[in-house]
Amino acid sequence: MGSASVESTSENTVRRSLVLGGGGVIGSAWMAGLAAELRHRGIDLGVADSVVGTSAGAIIGAALLTGLDLFSFADNPYPPGSPKPPQVVVKPELVAASFSALFDRTSDREVAARKVGRLAMAEAPAQPAHIAPMQWLLGGNDWPDHRLRIVAVNADTGHRQVWDSGVPLATAVTASRSIPGLFPPVAVADRYYIDGGFWSPTNADLAADSDIVLVVEPLANRFPPEQVQAELASTMTSAVVRFCPDAATIDVFNAFATKPDLAVSWPEAFRAGVRQADDLAQRLIDAGW
């Protein structure tokens with residue numbers, strides 16, 4: 001799969017939708033670099049009329065709409081002065097079960113999500129200290145507006161949960177990226193929530209009807225392209241731009257998976273996003289963004 005594809009265009013593009021998929025810590029860095037450089041070039045993804053964020057995409061989507069300077073994260077996900085989350089105790093068996101469910105698209109996604117969700121419910125839920133860094137990052141807990149939709153999964157039922165308000169913003173974003181075994185589940189009104197990627201890596205079917213939709217897929221090489229195509233088929237969209245990491249960026253992702261050195265991999269992934277912005281900028285211009 002190439003780094004991007006454009007499907008049909010509209011001469012009078014007015015309504016724009018943005019879908020930001022899951023991608024883990026390094027996927028966040030890549031999307032941050034991509035969005036930061038696009039904004040620098042005068043293409044602000046934050047002007048989209050609808051933003052759907054899943055996991056890493058929830059972080060970047062919220063950051064875009066709250067006006068965060070994404071270049072401040074070029075070298076480190078924790079800028080000076082920000083509170084760092086408590087030390088994570090990684091649980092390998094739970095992590096393995098999580099990723100098995102995440103990447104297994106042969107079974108019913110609700111069943112798979114419920115299976116790993118119930119394992120997560122045996123763990124202690126996130127505490128305020130786990131959510132505080134996200135609250136600091138986003139400048140508070142207020143939703144920027146109703147354009148933003150954050151996706152998580154109910155750990156008990158396996159059902160998809162979509163928030164556009166009603167819970168603190170930092171809580172929703174933290175829940176959306178909570179992979180059991182790496183991050184504790186997030187409790188909201190006595191219900192536990194885990195990563196929205198357990199339902200879909202992009203949840204592109206939530207994109208609002210629009211003239212053009214941009215789908216950024218950090219994990220596109222791990223899922224069949226037909227899945228996102230099927231999700232987009234349920235939307236009323238005139239043009240679609242799908243964008244994913246190129247081969248060099250995937251190498252950065254793979255290097256982090258085998259040797260998780262955040263100090264090295266984060267800035268490399270951010271720079272990869274900056275580099276790929278040149279390609280995406282032209283695709284968006286051609287599509288009428």
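# A guided look at this predicted model

Let's begin with an open space: the second largest pocket has a volume of about 230 Å³. This is a predicted model, in which local features need pLDDT of at least 70 and side-chain atom pairs count only at pLDDT 80 or more, while totals for chains, interfaces and linings use all residues. Residues are numbered from 1 along each chain as its sequence is written, and side-chain values use heavy atoms, with hydrogens and water left out.

**How confident is the model?**

- The mean pLDDT of the protein chain is 91, and 95% of its residues reach 70 or more; pLDDT is the predictor's confidence in each residue, from 0 to 100.
- Over residues 1-12, pLDDT stays under 50. For this stretch the model has 38 contacts beyond four places in sequence, where contact means heavy atoms within 4.5 Å.

**The pocket and the cavity**

- Rolling a probe the size of a water molecule over the atoms shows where empty space is left.
- Both kinds of space are found on a 1 Å grid over the protein atoms alone. A cavity is a set of points where a 1.4 Å probe fits but cannot get out, whereas a pocket is an open set with protein on both sides within 12 Å along at least five of seven lines. Lining residues have an atom within 4 Å of a point.
- Grid points are joined across faces, edges and corners, and a volume is the space filled by probe spheres set on the points.
- Which residues lie nearest the centre of the second largest pocket? They are V88, V89, E123, F183 and P184, out of 15 residues that line this pocket.
- The pocket's lining has 10 nonpolar, 3 polar and 2 charged residues. Here Ala, Val, Leu, Ile, Met, Phe, Trp, Tyr, Cys and Pro count as nonpolar, Asp, Glu, Lys and Arg as charged, and the others, Gly among them, as polar.
- The structure holds 1 cavity of 30 Å³ or more, and about 90 Å³ of space lies in the largest cavity.
- Around the largest cavity are 16 lining residues, with P201, E217, A220, F223 and V228 nearest its centre. Helix α7 (residues 225-232) gives the largest share of this lining, 3 residues.
- By class, the largest cavity is lined by 10 nonpolar, 4 polar and 2 charged residues.

**Covered helices and strands**

- Helices (H or I, at least four residues) and strands (E, at least two) are DSSP runs, numbered from the N terminus. Buried means under 20% relative accessible area, exposed over 50%, and partly exposed in between (1.4 Å probe, protein chains only).
- Helix α6 (residues 169-176) is mostly covered, with 8 of its 8 residues buried. Among them are L169, V173 and S176.
- Strand β8 (residues 210-216) is mostly covered too, with 7 of its 7 residues buried.
- Which way do β8 and its partners run, parallel or antiparallel? Strand β2 (residues 16-20) pairs with β8 in the parallel sense over 5 bridges, and β8 is joined by 6 bridges to strand β9 (residues 237-243), also parallel. Two strands pair if DSSP finds at least two bridges between them.
- To find these pairings on screen, look for R16 opposite I212 in β8 and V215 opposite R242 in β9.

**Single residues to look up**

- N154 lies in strand β4 (residues 148-154) and is buried, with a relative accessible area of 10%. Beyond four places in sequence, N154 touches H159, R191, Y192 and Y193.
- S98 belongs to helix α3 (residues 92-103). Is S98 buried or exposed? S98 counts as buried because its relative accessibility is 1%. Leaving aside neighbours within four places in sequence, S98 is in contact with V116, I179, P180 and F198.
- A257 sits in helix α8 (residues 247-258) and is exposed, with a relative accessible area of 62%. A257 and I26 are 231 residues apart in sequence and 9.3 Å apart in space, C-alpha to C-alpha.

**Two positive phi angles**

- Most residues other than glycine have a negative phi.
- S55, in the loop between β3 (50-54) and α2 (56-65), has a positive phi near 55°. S55 is buried, at 7% relative accessible area.
- D190, in the loop between β6 (186-188) and β7 (191-195), has a positive phi near 70°. D190 counts as exposed, at 80% relative accessibility.
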